[in-house]
Amino acid sequence: MLLKSELNKLKTKLNSNGILSKSEECCCYAEDALNTRDKKRNPDLVVFVETVEDIQFILKYAYEHEIPVIARGAGTNMVGACTCPNGGIVLNFTKMNKILNIEPANMTVTVQSGVVLGELKQETDNFGLFFPPDPSNYKVSTIGGAIAQSSGGALSFKYGTIKDYVLSLKVVTAKGEIMTIGSGTIKDATGYHLAQLMVGSEGTLAVIAEATLKLIPKPETRRSLLAYFENIEDVVFAVDNLVTSNIFPSAIDFMDKNSIITVENFSKCGLRTEYSGVLFVELDGQISSMNEQLDKTKEILENSNVKNIRVAKDEAESELLWQARRVSYAATTALAPDVISDDIIVPRKNLGRMVNKCHEIAEKYNLKMCLIGHVGDGNLHPQIALNLDDDIEFKNCMDAKAEMYKFAIQLGGTLSGEHGIGIEKKEYMANSVDITAVEYMKAIKKIFDTKNILNPGKIF
């Protein structure tokens, strides 16, 4: 437990306006975007850190007194990665939100962990540069959280996930040591890649303070289109035809019929609700080749049993189409008091089987499910609307999730493509990851965090 008697010492060292200690102040930091009916515990203290030295001071204090420390960005993760099952100190990074340096010649940017992805995208755009990672909540999610959770997004199909853009990190260890790992160069073959080890570690190995990230040239233009189909087999057939025909879309996303209807009722984007599935396809590249790309894409889709194609006429309409995809979670909240969004991934060749199985499981347990996903990657997000206070619905949802995980693993997939493990999926880790690998992960955790103070109770 936090030593309350030393609170004045902390306030003297830190900005006292940036410390919350009252129960009513700390209660909202017991939650993140995970929907569950498990009772949450408040942190003992919330500190709005402003410098690396603030982080260092808190960690040295916490290490000495064996107090849990939980790093928190925007709290948008959906696996309970920011919750405080053992109380402790939450490090809030909203004040460490500076873009420190953009180097156009090197195509790199150095940022503090609290920088919002959407703001980073806008700023790099001014230099003709592009930071592709785009989780659906990119307008609020932060760099530190995105790295900690190994975030992806729709553009991962062409450009990869955030792990492909991390060059160097400044982190603070559990003992309070400041350590820079990796380098600001595009290539680095100097020893172990410790910076990559931090990606997806969910704040359990060290606290990320700053990141140097790779940028790429911004594509000259983009075009978006919707392609509607009557069944999932034709959706998968179309995706396979696109990727085997030298067409490399920046994004290929999917919504099933339930999602189409739910989103259209919610946002009135002009979606065609009579079809069983829709692909969101985005092309980008040089202006001179865009019409050729677009014509070839439409030809491939027409030869893949597409029933209707809508091409965005300009940037505004393109943004409208993608907004329809991004609001799917919000739209699903209209179906029931609560929504649980999941994240599973399988090899793309098994995508059709996974989609059909998800629908079969939802029907078996009488659940309202909207299925979306980044189908170019084989990454699906079942969004289940329910009443968490209803014992039967809650049990059915948990049983359904367990069956989906089991089937995904049978198809060569895994528990998460981009959301992480947190507390939500840790009981399934042994089914998804080689047991020897899990033991090595635990050993690595112990080396970095001998007293188990960094986000304890997560992943394992």
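These notebook entries concern a sheet and a helix pair in a predicted model.

**Basis.** I worked with a predicted model in which local features need pLDDT of at least 70, side-chain atom pairs count only at pLDDT 80 or more, and totals for chains, interfaces and linings use all residues. Residues are numbered from 1 along each chain as its sequence is written, and side-chain values use heavy atoms, with hydrogens and water left out.

**Sheet.** I looked up the strand order and found five strands in an open, antiparallel sheet, β5-β6-β10-β8-β9. Helices (H or I, at least four residues) and strands (E, at least two) are DSSP runs numbered from the N terminus; two strands pair if DSSP finds at least two bridges between them. I noted β5 (99-103) and β9 (178-182) as the edge strands, each pairing on one side only. Strand β8 (residues 166-172) pairs with β9 in the antiparallel sense over five bridges. For K170, I found T180 in β9 as the bridge partner.

**Helix on the sheet.** I then saw that helix α4 (residues 117-125) packs on the sheet and touches β5, β6 (108-112) and β10 (207-214). Contact means heavy atoms within 4.5 Å.

**Helix pair.** I next examined helix α8 (residues 232-243) and helix α13 (residues 351-364), whose axes come within 9 Å and cross at roughly 155 degrees. Axes are lines fitted to C-alpha atoms, for helices over the stretch in contact, and angles run from 0 to 180 degrees between N-to-C directions. The crossing therefore makes α8 roughly antiparallel to α13 (angles over 145 degrees count as such). I recorded that I232, E233 and V236 in α8 meet L351, G352, V355 and N356 in α13.

Technical notes: Angles under 35 degrees count as roughly parallel, over 145 as roughly antiparallel, 65 to 115 as roughly perpendicular and the rest as oblique.
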